[in-house]
Amino acid sequence: MPLLQVKGLSHYFGGLKAVSDFNLDMEPGELVGIIGPNGAGKTTVFNLITGVYRPTEGQIWFNGHNLVGLQPHQIINKGIARTFQTIRLFKDLSVLDNVRIARYSQVQYSPWSSFLHTRWFGEEERKIREEALRLLGIFNLGSYAQALAKNLPYGEQRRLEIARALATKPRLLLLDEPAAGMNPGEIKRLMELIQWIRREFELTIILIEHQMRVVMGICERIQVLDFGETIAEGKPKEIQNHPRVLEAYLGKGVA
Amino acid sequence: MKRRHTVPLQRGWLVALLLVLILFLSILLPQLGILNLYLQQVIMYVGINIILTISLNLVNGYMGEFSVGHAGFMAIGAYVSSLLTVLVFPRSLGPFIFPLVLVLGGLAAALAGLMVALPSFKTRGDYLAIVTLAFNMIIKSVLENIDAIGGPRGFMGMSKLTNVAWVYIWVLLTVFAIRNFVFSSYGRGILSIREDEVAAELVSVNTRQAKILAFVISSFFAGVAGGLFAHVLQFINPRSFTILKSTDVLVMVYLGGIGSITGSILGASIYTVLLELLRPLGVWRWVVGPLMLVILMVTRPRGIFGLREARWLIPAEEVQADATATS
């Protein structure tokens, strides 16, 4: 059974068709790329899956649950996590807090015991802190734990966003242009990182990306969007020479 | 490892000892006549304002919304507790049931807080500010139009149940509860709403729950402060709880600094005492006080202690995490 099943997904902003008839089946462990020119509706697909927007039409099934109509935090709790095209960290909070916040829904104590800081509270908080610090360690961010997120270098902020997403313990990770603004060296390390977390955390990943190197390098399957419509899908090799893809990116006549 | 645990523990005992000592002083000094009635009154107002400021800071500073209706919650606490002590419970029981009465006043205010939290799911920023403003006006109008509780003439007959010691105890409870809450997962959820609400939802924070918690807790303590206030003054009327009163609390929040309990204590104390000290200036004190605020906002936009906390208010575990991280 596929882990994620998106059927006939469409979304309109007023009269504008942002996404139309988008379909995607993902088996556990797959890494699928979504590419397309600016404004093609890629991020909208992520926003629909995570409940930021409610789809005009279509169904989204994840692990046997229907996601349409759920609030974002409920969808995250089903095991989906995401990062953002432009970094959206909690800037004025510490790096440690950024990760700890992602454990919000897993907290076992009640608001009452948070007033009293009971023994139970202490135990739970200790667990949350240790888990967060362990995760930061994995991402080489341990030494920044108490720094404010906004003071981190750009590459570290990107890594922190992924760490924060993983703190919710997802099965499906949605990465929205993780390589944006990175230099070739950073991109290479990012690709290794994605491959590594995929194995280590047993993740299924959807990747939106503009950098062809990244997409062609690590994705097993690619889906190409243009003006909200899927114009091609297949293996990286097939996509590279697909006439409609070349047309969408470079214009008619080149193909 | 051992040393690490004993240091915060000793510090904890020292703080506890000091707090108990102040409690004794707050009972003894007025009884021995060392503190005259005027000074007692000023101290009580400082305390009540500290409670109001910390509670408003939870919504405006920690959560980053802009509530301008705090006096509305205060009014509910003031009226409910006054009605209870004057009309419901026998007068002789007054001093004994006073804490209970304050809690009931707080709970009534908390219920109103819940009602204000609901529109905050869909509305935020300036628009939510308008909602809270409307709420404040509704409360005032409703109070003015119920004749049974005095209408616009106000309500009186309360005994002077509030004293320095009670105010002190409630200040401690407020600081304790809100500090503990802020340093918990729920508190961090509230911080994340201030930072980026959409991102908060997308890292599993139930923002509706967090907003309800913030508004309910904030309005509960505002209600308690209202009850204390009513039993100092022994007379309340709807005009004591207008937008002007709310503005006063806002000023203290932003003077002391958003997202800081230390700041709220300082902001409320400085502003209250300053306005008392400036009394000889007559009407001019309403110019000097706010002018200082303007100067502060220009030179220090985050207030005296914005987004920072005094060391003694930070839980030992958090300080420890600090130490391990920097090494």
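Biologist: Which conventions apply before I start?

Modeller: Residues are numbered from 1 along each chain as its sequence is written, while chains are lettered from A and ligands numbered from 1 in the order in which they are written. The model is predicted, so local features need pLDDT of at least 70 and side-chain atom pairs count only at pLDDT 80 or more, whereas totals for chains, interfaces and linings use all residues.

Biologist: What pLDDT does chain B average?

Modeller: pLDDT is the predictor's confidence in each residue, from 0 to 100. Chain B averages 91, and 95% of the residues score at least 70. Where pLDDT is low, the predicted coordinates should not be read in detail. In chain B, pLDDT stays under 50 over residues 323-327, where the model has 3 contacts beyond four places in sequence; two residues are in contact if their C-beta atoms, placed from the backbone, lie within 7 Å. The scores for the model are ipTM 0.93 and pTM 0.93.

Biologist: Which residues touch the most other members of the largest nonpolar core?

Modeller: Such a core is a set of buried Ala, Val, Leu, Ile, Met, Phe, Trp, Tyr and Cys residues joined through C-beta atoms within 7 Å. Buried means 20 or more other C-beta atoms within 10 Å of the residue's own, exposed 12 or fewer, and partly exposed in between, with C-beta atoms placed from the backbone. Here the core has 156 residues, and B:Ile51, B:Met74, B:Tyr79, B:Ala225 and B:Leu228 touch the most other members. Its largest share, 15 residues, comes from helix α9 (residues 207-233) of chain B; helices (H or I, at least four residues) and strands (E, at least two) are DSSP runs, numbered from the N terminus. Setting aside neighbours within four places in sequence, B:Ala225 has contacts that include B:Ile48 and B:Gly77.

Biologist: How many bridges join β1 and β2 of chain A?

Modeller: Strands pair if DSSP finds at least two bridges between them. Strand β1 (residues 4-13) and strand β2 (residues 16-26) of chain A are antiparallel, with 7 bridges. They form a hairpin with 2 residues between them, and A:Gly14 in the turn has a positive phi of about 60°. A:Phe13 stands opposite A:Leu16 in β2(A).

Biologist: How many residues does each chain give to the contact?

Modeller: Chain A gives 33 residues and chain B gives 27. On the side of chain A that touches chain B, 15 are nonpolar, 8 polar and 10 charged. Ala, Val, Leu, Ile, Met, Phe, Trp, Tyr, Cys and Pro count as nonpolar, Asp, Glu, Lys and Arg as charged, and the others, Gly among them, as polar.
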